[in-house]
Amino acid sequence: MIIYSAEFVTSATDYKKCPEPHIPEYAFIGRSNVGKSSLINMLTQKKGLAKTSGTPGKTQTINHFILNAGKPQPWYLVDLPGYGYAKVAKTSRKTWSKFIFDYLEFRENLICTFALVDARHEPQQSDVDFIVKLGKMQVPFVVVFTKTDKVKPLALKKNMEAMKSKLLEHYTHLPPIFSTSSENREGREELLNFIQKYCAVYNYKQVGNTFTT
Ligand code: GTP
Ligand code: MG
C-alpha cells in the first residue's frame, strides 16, 4: 500500500467524541513504552506525527490520524495510551481502563487492533492478560512484536515462541503475528499489506456486496 498522506485529526478520551466512523480504522495498543507511537511514525514515514518519548506514559488520549485522505481508500490509524505504567495513579488507571475498553467495545469501524509486545522480553503477564481480554471481548486483533532491532535473532525466536505457547493456553488458533522495528523499518510492508487487505474487504462490504465463498 502506498501512503500518500498522513495527518493528525483529533485527540479524545471518549469514543463518542472520536471522528465520524465512516472509514476503516486500526488501533495500536500495548504496554507503555512498547513503541506504539514510533510504529505509527514508521508506517507513515512521518517522524513526529505521533508524539514519542523515552519516558513511559507519553500518550494519554485516543489519537486519530487519517491516511490517504481524499484518495479512494482513506483509513484511520489510532494511537492509544499504554497500560502497565506504574506511576499512573490508581484512579486515573481506572479511567484509562474505562475509556479504552469502551473504545474497543463500541467503536463500530474498528477493523483490527494491533496488540504490541516488546520483542526483548519473555511474555509478560500483563500482555497475556490484555490479549486474552481482547479475545473475550471479541475484539479482532493481531500481535505485533516491536523493537526487534534490539534483540538477537535467537532470543527473538525464543521470546516469540514463548508468547505463542502462552497464547495457545487460551486460544485454539494463533492470530497473525508480525515482527517489526521502527528503527530499521522491519515489518512495514507486511503490516501495510495486511491493512490494505482489510480495507478492501471493508469497502467491498460498504457497497452492499455479499461474499459467495
Ligand atoms: P506510551 O505512549 O508512553 O504508551 O509509549 P509508546 O508505546 O507510544 O512508545 P514510544 O513510541 O513513545 O517509544 C518508546 C521508546 O522506545 C522511545 O524512546 C522510542 O524511541 C523507543 N522505540 C520505539 N520503537 C523502537 C524500535 O523499534 N527500536 C528501538 N531501538 N527503539 C524503539
Ligand atoms: Mg505513545
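Q: Hi! Which residue puts a polar side-chain atom 2.8 Å from a nitrogen atom of ligand 1?
A: That's aspartate 149, through a polar side-chain atom. A polar contact here is a pair of N or O atoms within 3.5 Å; within protein, one must be able to donate a hydrogen and the other to accept it, and residues adjacent in sequence count only if both atoms are side-chain atoms. One caution: this is a predicted model, where local features need pLDDT of at least 70, side-chain atom pairs count only at pLDDT 80 or more, and totals for chains, interfaces and linings use all residues. Residues are numbered from 1 along each chain as its sequence is written, chains are lettered from A and ligands numbered from 1 in the order in which they are written, and side-chain values use heavy atoms, leaving out hydrogens and water.

Q: What lies 2.7 Å from an oxygen atom of ligand 1?
A: A polar side-chain atom of lysine 36 does.

Q: How much of ligand 1 does the protein bury?
A: Taken alone, ligand 1 exposes 650 Å², and the protein buries 87% of that. Those areas come from the Shrake-Rupley method with a 1.4 Å probe; for residues, only the protein chains shown count as cover.

Q: And which residues come nearest to ligand 1?
A: Lys36, Ser38, Gly57, Asp149 and Ser182, out of 22 residues around the ligand. To be listed, a residue needs a heavy atom within 4 Å of the ligand.

Q: Where does glycine 35 lie?
A: In the loop between strand E2 (25-30) and helix H1. Helices (H or I, at least four residues) and strands (E, at least two) are DSSP runs, numbered from the N terminus.

Q: Does glycine 35 count as buried or exposed?
A: Buried, because its relative accessibility is 17%. The cut-offs are under 20% relative accessible area for buried, over 50% for exposed and partly exposed in between (1.4 Å probe, protein chains only).

Q: What does glycine 35 touch?
A: Leaving aside residues up to four places away in sequence, Leu116 and Lys147. Contact means heavy atoms within 4.5 Å. The C-alpha atoms of glycine 35 and valine 117 are 8.7 Å apart, although 82 residues separate the two along the chain.

Q: How many of the residues of H1 are buried?
A: 8 of 9, so to speak for residues 36-44, and the helix is mostly covered. Among them are Lys36, Leu39, Ile40 and Met42.

Q: What follows H1?
A: Glutamine 45, with a positive phi near 55 degrees. At 44% relative accessibility, this glutamine counts as partly exposed. Most residues other than glycine have a negative phi. Asparagine 68, in the loop between strands E3 and E4, also has a positive phi, near 55 degrees. With 4% relative accessibility, asparagine 68 counts as buried.

Q: Switching topic: which residues are buried in H4?
A: Leu156, Asn159, Met160, Met163 and Leu167. Looking down the axis of H4, they fall within an arc of 95 degrees, so they line one face of the helix. The arc is taken over directions from the helix axis to the C-beta atoms. On the other side, Leu154, Lys157 and Lys158 are exposed.

Q: What do the buried residues of H4 pack against?
A: Strand E5 (110-118), helix H3 (125-136), strand E6 (141-146) and strand E7 (177-179). H3 has buried residues too, including Val128, Phe130 and Ile131.

Q: How far apart are the end C-alpha atoms of H4?
A: They are 22 Å apart, which agrees with the 22 Å that its 16 residues should span at 1.5 Å a residue. The expected span is 1.5 Å times one less than the number of residues. H3 agrees as well: its 12 residues should span 16 Å, and its end C-alpha atoms are 16 Å apart.

Q: Last one: where is asparagine 184 found?
A: In the loop between E7 and helix H5 (188-206). A polar atom of its side chain lies 2.9 Å from the backbone nitrogen of glutamate 186. Asparagine 184 and methionine 42 are 9.0 Å apart in space, C-alpha to C-alpha, and 142 residues apart in sequence.
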